Structures are given as structure tokens and as C-alpha cells.
Amino acid sequence: MTNGNLSVLISATAFAAAKHRNQRRKDADASPYINHPIALASVLVNEAGINDLTVIVAALLHDTIEDTTTTTEELLSAFGEEIAAVVLEVTDDKSLDKAERKRLQVEHAENLSLGAKLVKLADKVCNLRDIRLTPPADWPLERRREYFDWAKRVVDGLRGAHSRLEQLFDAEYAERP
Ligand code: NDP
Ligand code: ZN
């Protein structure tokens with residue numbers, strides 16, 4: 001890896017860690033939020049064999065706009081247009097209610113760019129793992145099942161993007177609670 005690529009990778013990790021520093025996941029232990037974007041990057045690189053820097057950096061940054069005060073302009077000036085565009089593609093419109101956001105993820109899946117599809121596939125792999133192994137403390141069985149089924153509907157719209165990532169998702173889905 002070139003020094004430039006290594007620098008972008010570490011800058012994105014540090015940027016996401018700073019932005020998510022006061023956030024926690026929904027599991028019983030309230031794990032640090034940053035574990036989640038790092039888990040996506042690890043799935044992409046170490047499990048799916050993907051080495052596209054834009055995709056890996058976008059994965060590290062994927063929840064910064066949606067879940068922190070990060071603006072599009074900040075991402076543009078720190079990481080450039082290509083990376084910012086992928087992050088925006090995987091960012092839900094928070095002015096809509098949750099049910100509508102979930103419906104739109106299914107509807108938009110097939111029209112995403114390839115890079116955004118890879119980030120979204122890794123996100124769904126990681127969230128199914130989290131729900132299976134370290135679920136939100138107050139989610140009954142039915143809600144965990146509904147999440148698995150909704151995630152599958154999103155992923156069905158992403159198919160054809162990357163067979164190994166799709167296999168990783170299918171292996172998680174096979175463990176549906
Ligand atoms: P949320 O969208 O509220 O929570 C799921 C999201 O939380 C994940 O996509 C993930 O987002 C993030 N997350 C943080 N920690 C964890 C973790 N440990 N495990 C998994 N995900 C985690 O929940 P729902 O998907 O259920 O969406 C809400 C919808 O559910 C609404 O439409 C509402 O009407 C409905 N609902 C259903 C209920 C039921 O019992 N069936 C009860 C209440 C509401 P990210 O990848 O962005 O980090
Ligand atoms: Zn996520």
C-alpha cells in the first residue's frame with residue numbers, strides 16, 4: 001500500500017472515531033460505536049477480499065452523516081468527491097419516519113453504485129451478526145426476526161454486486177433466530 005493510501009485509511013479511522021466518540025451501540029454492554037464501522041472494513045478486506053480504498057474508507061465513514069453532526073462539506077473537503085458520494089448514497093434521509101426509511105432502502109438498493117452496494121452489503125452482514133450475537137437489549141424475538149427479513153429484502157436488491165459478500169450475508173441469514 002502506498003503512503004498516501006495508508007494516510008487516507010488512518011485519517012478516516014481517526015475522523016470516524018472522533019465523530020462517534022460519545023456514541024454507543026444498542027447491545028447490552030453499550031459497545032463503542034466505532035467498533036461497527038471498523039467491523040465493516042474488516043469484513044470487506046479480511047473476509048470478502050476487497051481492496052478498493054474508496055469502498056473501505058466509505059465503510060469507515062458510512063454512519064458519520066446519518067448518526068453524527070458531520071456535514072457533506074466536511075467529508076468533501078477531508079476525503080474528496082468520490083468517497084463523499086458513496087457515504088451519501090448509504091445515508092438515510094432522517095427527515096422521513098423510520099418505516100419510510102426502511103421501505104426506501106429496499107426500493108433504492110438496485111440503483112446504488114457498485115461501491116455503495118458493497119458498503120451496504122457489509123453493513124447488513126455486520127448488523128445481522130450483531131443482532132445474533134450482541135442484540136439490542138430490549139428486542140424481543142419477533143423484532144430480531146423482522147430485522148433479518150427486512151435486511152434480506154434490501155440485500156436481494158444488491159445481488160450481483162459481489163458473490164463472496166452475498167455468501168457472507170446468506171450464511172448470517174441462515175442463522176435467523
Ligand atoms: P432500528 O432501526 O431502531 O435499529 C436497528 C439499527 O440499529 C441497525 O440497523 C443498526 O444501524 C443499529 N444498531 C445499533 N446497535 C445495534 C446492535 N447491537 N445490533 C443491531 N443493530 C444495531 O430498529 P428497526 O430496524 O427495528 O427499525 C425500526 C422499525 O421497527 C420501525 O419501522 C418501527 O415501526 C418498527 N418497530 C418494530 C417493533 C417490533 O417489535 N417488531 C417494535 C418497535 C418498532 P446502523 O447500521 O446504522 O448502525
Ligand atoms: Zn451501519
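Apart from its neighbours within four places in sequence, Asn 127 is in contact with Arg 25, His 36 and Tyr 147. These contacts come from a predicted model. Asn 127 is located in helix α8. Its relative accessibility is 11%, so Asn 127 counts as buried, the limit for that term being under 20%. With one of its contacts, Tyr 147, Asn 127 makes a polar contact from side chain to side chain, at 3.2 Å.

The zinc ion (ligand 2) is coordinated by His 36 and His 62, each through NE2, and by Asp 63 and Asp 123, each through OD. The distances run from 2.1 to 2.6 Å. Along the chain, the donors of the zinc ion follow the spacing H-x25-H-D-x59-D. His 62 lies in the loop between α3 (53-61) and α4 (64-67), while Asp 123 belongs to helix α8 (residues 114-133), so this pair ties together parts that are 61 residues apart in sequence. His 62 is buried, having a relative accessible area of 2%. Asp 123 is buried as well, with a value of 12%.

The last stop is on the surface. Here Met 1, Leu 6 and Ile 10 form a nonpolar patch, and together they have about 340 Å² of accessible area. Met 1 is found in the segment before α1 (3-19). Is Met 1 buried or exposed? Its relative accessibility is 68%, so Met 1 counts as exposed, a term that applies over 50%.

Key. Residues are numbered from 1 along each chain as its sequence is written. Chains are lettered from A and ligands numbered from 1 in the order in which they are written. This is a predicted model: local features need pLDDT of at least 70, side-chain atom pairs count only at pLDDT 80 or more; totals for chains, interfaces and linings use all residues. Side-chain values use heavy atoms; hydrogens and water are left out. Donors are N, O and S atoms within 2.8 Å of the metal (3.2 Å for Na, K and Ca); water is not among the atoms, so sites may look incomplete. Helices (H or I, at least four residues) and strands (E, at least two) are DSSP runs, numbered from the N terminus. Buried means under 20% relative accessible area, exposed over 50%, partly exposed in between (1.4 Å probe, protein chains only). Patches are made of residues with over 30% relative accessible area and no salt bridge: like charges are joined within 9 Å, nonpolar side chains (Val, Leu, Ile, Met, Phe, Trp, Tyr) within 5 Å. Accessible areas come from the Shrake-Rupley method with a 1.4 Å probe; for residues, only the protein chains shown count as cover. A salt bridge is a side-chain nitrogen of Lys or Arg within 4 Å of a carboxyl oxygen of Asp or Glu. A polar contact is a pair of N or O atoms within 3.5 Å; within protein, one must be able to donate a hydrogen and the other to accept it, and residues adjacent in sequence count only if both atoms are side-chain atoms. Contact means heavy atoms within 4.5 Å.
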